[in-house]
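Work through the following exercises with the sequence and the model side by side, and try each task before reading its solution.

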Amino acid sequence: MPQQTPKKGFIHWLSGLVSNPATGQISHTKLWANIAGATMTYKFATTPNAPEWLWWAYGAMVGGYALIKRGMAVIPQMAQIAQQKGKDDVAD
């Protein structure tokens with residue numbers, strides 16, 4: 001496997017923010033989630049003396065999105081575990 005140059009490696013890493021790793025095509029879900037995150041981060045970072053509500057909104061947006069994304073990733077894993085458990089119960 002040819003070694004990537006640092007520039008190509010960075011571009012490949014950066015494309016992972018908006019593309020599906022399996023197909024390489026743009027993922028609209030990733031694209032708009034990252035645009036929303038970047039916009040909120042910019043607004044949060046450039047607001048002098050940010051009020052408490054802005055901290056809560058920013059934290060909920062960033063942390064909430066990450067938690068929901070991880071929770072949704074667990075669903076197929078739990079289904080697979082339940083399916084395997086069902087097979088094991090039948091074999092006993």
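**Exercise 1.** In which helix is the place of Leu14?

Solution. Leu14 sits in helix H1, which covers residues 6-15, where a helix is a DSSP run of H or I with at least four residues, numbered from the N terminus. This is a predicted model, in which local features need pLDDT of at least 70 and side-chain atom pairs count only at pLDDT 80 or more, while totals for chains, interfaces and linings use all residues. Residues are numbered from 1 along each chain as its sequence is written, and side-chain values use heavy atoms, with hydrogens and water left out.

**Exercise 2.** How many aromatic pairs does the structure hold, and how are their rings arranged?

Solution. The structure holds two aromatic pairs; rings of Phe, Tyr and Trp (its six-membered ring) pair if their centres lie within 6.5 Å, and planes under 30 degrees apart count as stacked, over 60 as edge-to-face and the rest as tilted. The ring centres of Phe44 and Trp55 are 4.9 Å apart and the planes stand at 90 degrees, so this pair is edge-to-face. Since Phe44 belongs to helix H2 (residues 28-46) and Trp55 to helix H3 (residues 52-91), the pair ties together parts that are eleven residues apart in sequence. Phe44 counts as buried at 17% relative accessibility, whereas Trp55 is exposed at 53%. Phe44 and Tyr58 form a stacked pair, with 4.4 Å from centre to centre and 5 degrees between the planes. That pair links Phe44 in helix H2 with Tyr58 in helix H3, 14 residues apart, and both Phe44 and Tyr58 are buried.

**Exercise 3.** Which element gives the most to the lining of the largest pocket?

Solution. Begin with the lining of the largest pocket, which consists of 13 residues, with Lys30, Ala33, Asn34, Tyr65 and Lys69 nearest its centre. The elements giving two or more residues to this lining are H2 and H3, and H2 gives the most, with seven residues.

Terms used:
Buried < 20%, exposed > 50% of the residue type's maximum accessible area, 1.4 Å probe, protein only. 1 Å grid on protein atoms, 1.4 Å probe; cavity = no way out; pocket = protein on both sides within 12 Å on 5 of 7 lines; lining within 4 Å.
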